[in-house]
Structures are given as C-alpha cells and as structure tokens.
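Dear colleague,

I am handing over the structure below for your files. My notes on what was found follow it.

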Amino acid sequence: MLLKSTTSKWAGLFVAIVLLILFMIASVIYGYTNTNWQTAIDAFTKYNGSNEHIIIQTVRLPRAFIAAAVGASLAIAGVLMQTLTKNPLASPGIFGINAGGGFAVVAAVTLFSVTDVHTFNALAFLGAAVAAVSVYAFGSFGREGLTPMKLTLAGAAMSAMFASFTQGLLVLNEAALDQVLFWLAGSVSGRKLETLVSVLPYIGVGWLGALLISGKMNVLAMGEDVAKGLGLNTGLIKIMIGVIVILLAGGSVAAAGPIGFVGIVVPHVTRSIIGIDHRWVIPLSGLLGAILLVAADIAARYILMPAEVPVGVMTAIIGTPFFIYIARRGFNGR
Amino acid sequence: MSKYQNIRFFKGKLSFLIDRKATFIFTLLFVITFLVFVISAGIGDMKINPLTVIKVLFGGGPEMEKLVITTFRLPRIIVALVVGISLAVAGGILQGMIRNPLASPDVLGITGGAGAAVVAFLVLFSDKNHSLTVSIAWLPLAAFAGAGLVSILVYVLAWKNGVSPIRLVLIGIGISTLMQALITLMMVMGPIYQASQANMWITGTVYGSNWKNVVTLVPWTVVFLIIALIVARTINIQELGDEVATGLGGKVQKQRFLLLMISTALIGSSVAFAGGIGFVGLMAPHMARRLVGSSFGALLPVSALLGGVLVMVADLIGRTLFLPLEVPAGVFTAGIGAPYFIYLLFRTRNA
C-alpha cells in the first residue's frame, strides 16, 4: 500500500477530492464547443441565453455530475461485491445487474417498440433489481444460506442467460440493434438533470449505507466463521450489502446504461493505494471511480470529434494500461 | 463396494483406478450425446425417422435422405459437437489452473481477441458497397490469430518471475475489456450492415458449416483433447496451490504454460468456426463438478460431453423452433444451460 499513516490517508482523500473537482470543471468547459472559465461562471451568475450558456447549463453540467455519481456508485458497488463473494474477479455485473438491465431495455425496444430514453432508465432499474434479487435468492438455497461460491455461480449463470437472451433479440431484430447499441455500450451523453435527480435518492442512500457498514465489512472479510464468532449477524449484513449493491449499481445502469470495468478495476487500484480497511477503501474508491468516469467522458468527446465514443469504451481504453501496471506491480493491499 | 474399481493388466504392471460413479455418468452422457446427434440429424425442414438416420450414418438409406443428412445437417452437427467439447474442456482447464470458478475463455480475453480480430477483418476488408474484398474463408484464420495473439500477450504481460494465476486472470480481464471496447468502438463507428454481421458472429453460430470445416477442425481438436486428458492430472496437483505443487515435484510454470496453450488451441479453433459461443466454457465444467466431483480425470470427459450436448441442442433449437428464422446457437446455450445449472445448484444445495 502506498499510504501508510492516517495523516497520509486523509491527504490522499483530499487530493482525490481536488482532482475530482478539477476534472469536473474541465468536463464542463471542454468539448465540441470549447468555452472558458469566465463563460462557465457567467452561465450561472449572468445567464444571457447564449449558445455557450445553454450548453453549459443543460448539457455539460448534468453530464459531469452524472458521470461522477455513476463512477462513484459502480466503484463502491464493486468493493462490496468483491468482499461479499470473496472473489477478486467479482463486480456488480456478477449480480446480473448489467445483464438484467440490458435485457429489460432491449426487450422493451424489440417487443414493445419503446423509444423514450426515460422509460429506458426506469426499465433498466427494474430489470437490474429483478435479476439481482433472483440471483440472491438462488445463491441462498440450502442450509448454510448465502455462500460466496453459490452466489458467484448463480450470478454467473443468470447473467449469461440474460445476456444471451439480449443477444438473441438483437440478432432477430437488426433495426433495434442500431437503436440500443449506444445505450448498451454505456453512455452519459444526452442525459438531462432530471435523470440524475430521479436516481440520486437511491444511490445517495447506497453511498451512506456503504459508509455505515464499512466497519462491519472488515469483520466479514475475515471469513464467515470468524465474523460469527465475533458476534456479527452475517445474514443481516449480507442482505444489507445486497440491497446497497442493487441501489448503487441499479441506479447506475438506469442513469448511464451498463458500464463495465469500473466496478472491477477501481477497487483493486484503491486497495493498492490505501490498504484493505473498508472504512478507507469505500470512500477512496468512490472518488477514484468518479474521476475515472469523468476523465473517460472528457476523452470520449475528443477521439472521434464531432461524433462521440461511448464512455464505457473509453473507461476500458484509459483504465486498462493503468490496471495492468498495478496488476504487475502486485496488489500489496491483499 | 468401494468408490473405485481397480483394473489391472499384465499382472499389475499397468493398472487404472476407475471411479464407478463417474464411469456410469460418462456412459449415460455418451448415450445421450449419441441420441441427440441422431435426433438432431433427423429434424429440420424435412423430418427423417431416427432409424433411417442411423442407416444413413452407416452408409445405407434412401438417396434423398442421404443427401439432406450428409451434405446439410451432418457437418453442422459435428461442428457443434466438437466446438462444445473444445470450449468445455478449455474452460475446465482454465478454472483448475487459475483456481477461480469465474475463469472462462471470455474472462481471459481469448474470445475477445478473436472477436476483435473478426470485427477488424470485416471493417478493413469491406469496400463501399459493403461487400468483402477478400474471401470470407480467411475469417476463421483471423479469429484464430486474434485468439492466439491475445493469449500470448496476456501471458507475457503477466510474467514476472513466473506467472501467478491471479495476475494472469486480472490482466486477462483488463485485456478482455479492452478487446470488448475495441469491438464496440468499431461497431459504433462502422455502418449498420457490419454491426449486425459482427453481432451475429459474436453471438456464435454454426450456420453454414461444411465438410471442409469439419476436416480442418476435427483432427486439430482430437490431438489437443488427447494432450489435455494426459496433462489433466497435473491440474489436480496445481489446484492444491503453487507451494504444494512445487513441493510435490510439479514443474508449475512449465505446466501452466502448457495448459494455457492447450486451452488457447481449443478455444481458438472453436471460435474460428463457430464464433463467440458463450456460457459453455464457463458452466459445463461447473455442471460436471456437481455431477462427478472435482478430480480432473473424471471432470474433463464429463464436461466435454455436457458441452457437446449443450451446443448441439442449442443449435437444434435455434434452427428449428423459429422457422423460417435462424437463431444463432450462442443464444440458446445459456438459455437452456442456465436453468439446468440452477437446478443442479438447488439439488446440491447442502453439499
């Protein structure tokens, strides 16, 4: 781990917050219509209805906030999933959340000709929640209740099933593919502030909940038996983790479509920086996830200008080299 | 009655321990595989009675049926069977080698590499009228090259005084995501015609397989399957952990490289001819584990047959149920496999 003393950890959190703010400001200013500091400030203080001001208020600002919120949620959900399943490869996707959300949207487009993006969002959340609850139920069969192994296997099977149904619908209906391909790749462009406002209650509760149970998760990470011996109600804590993951990852899918990778990578990177104590890992990985997604979203505007690349693609392109570097250096935190 | 049956030859100079339960299940699955094969060859636009199919398989039968079965159905069914076997065995090897139940050809990026190569092939060699400028026969080669390159890349990047399973799989995930990103990027940028063609390939289908494919695919697969069965016992030792395996005299790094290369060869050839059929590589080994336990001598053959049956049935459903539409086999592998797997999970819930 990079930061060993408590002071340096606080400093680390502070640096991450500053970086996040800088990236968000950059996200508001730069893009196809380049603006500058002054215009950005004027857009809020001396709004005059010019093109730049409209773009900043209605397009750029919501986008920066949605990217940050989604990035933070996915990263935190990833931490929770990796601890719950005791598997370093786990991500919110293992809960079937991306696959379920994707399936709900694609089914709506192909079978019921839904085209409205807001309906997409609601359906995605619904699909994600249904998939996650069923995975949780299948993983809890039997005397021992929820075990990491059963959860992982049930989740992998259900995700594969939903993903293949999605593929099937898309193969049968080529016109729909064109319509939802961009959504399926994950994107934060063209979202209005209402999108954020509608999911913020869920993910806000999720963030708070994650911070509150972070101490208990340290105990759970020591293993089922030890945790029980120390007096932790493991059944309850697992259900809470499940609910929080659904809120966070479901909200993210609803707001931005299925964005992979952030949920797997950011927790690993965070642990290599700050160690394995969940009370530090959860806030820092939230910040790093937000930074990654905001940065990816900025880059996504420049690659194919004037067209945009889905942000899910950019997170992979930016994140992979960094992730490989960390993986080679070794995860000291674990 | 003990769990194992000892079989001796040459007054004990050559002997085997045979797991009774695994042998029984293997035999049962073998019969099921044969039945599915025969039934599948008989179903389609033209229904053919299973007895006639068997006659045709042995060279007899009426001319018309013979034509339909041998030229249209057999190559396709054989490719489905072989692809299912390859993916299941490769998945089983990877899970044992990496010691992680989530390991599969997709996770290591091998399928993704093949996919990126295929989509790049479609983009690079298409002219303005959306027709390919080179023969489509090169497509399998592109897929195989993609799979091979990515697997070597992952291995090299994961090398640091040897390759540890966790580093291998984490770097695999990174590369795999990168490949998915490249695929999406090319599909979003390219014309819609290519997107749907590429999507068909990514889903995985054995549509349009011919005898030429079979002749290329089968010998290759058989060779690597035999090698896989011979080295399977080293996986049992590897599963105990690197320290124990080294202590027991296993050449861990060398075996690991060998196992990765075998899996790549099997995965590469199957994605080359059938595209990215998912689920089989991940789930067939788990199904087998729930049926016969986790000793690889029994696990690999059983998961091989499960994989073969799964892909054959998926293709049968895909080409018959939605006539006149053809649904790619890759859609149904998970569609029929997942419920069965959940059932197995439920049945062994207290194990």
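What radius of gyration does chain A have, and what would a compact globule with 334 residues have? The value for chain A is 20 Å, which agrees with the radius near 20 Å that a compact globule of 334 residues would have; the radius is taken over C-alpha atoms, and the globule rule is 2.2 Å times the number of residues to the power 0.38.

Please keep in mind that this is a predicted model, in which local features need pLDDT of at least 70, side-chain atom pairs count only at pLDDT 80 or more, and totals for chains, interfaces and linings use all residues. Residues are numbered from 1 along each chain as its sequence is written, while chains are lettered from A and ligands numbered from 1 in the order in which they are written.

On confidence, the predictor gives the complex an ipTM of 0.71 and a pTM of 0.80. Chain B averages a pLDDT (the predictor's confidence in each residue, from 0 to 100) of 83, and 94% of its residues score at least 70.

Chain A contains 14 helices and 0 strands, where helices (H or I, at least four residues) and strands (E, at least two) are DSSP runs numbered from the N terminus. Its C-alpha atoms fill a box of roughly 65 × 55 × 35 Å along the principal axes. Of its 334 residues, 54% count as buried, a residue being buried if 20 or more other C-beta atoms, placed from the backbone, lie within 10 Å of its own.

At the interface, 44 residues of chain A are in contact (C-beta atoms, placed from the backbone, within 7 Å) with 48 residues of chain B. Helix 6 (148-172) of chain A is one of the elements that supply at least two residues of this side, and with 17 residues its share is the largest. By class, the side of chain A that touches chain B has 31 nonpolar residues (Ala, Val, Leu, Ile, Met, Phe, Trp, Tyr, Cys and Pro), together with 8 polar and 5 charged residues.

Finally, Ala198(B) lies in helix 7 (residues 192-203) of chain B and counts as buried because it has 22 C-beta neighbours inside 10 Å. Beyond its neighbours within four places in sequence, Ala198(B) is in contact with Val118(B), Val119(B), Leu122(B) and Met187(B).

Best regards

Conventions. Two residues are in contact if their C-beta atoms, placed from the backbone, lie within 7 Å. A residue is buried if 20 or more other C-beta atoms lie within 10 Å of its own, exposed if 12 or fewer, and partly exposed in between; C-beta atoms are placed from the backbone.
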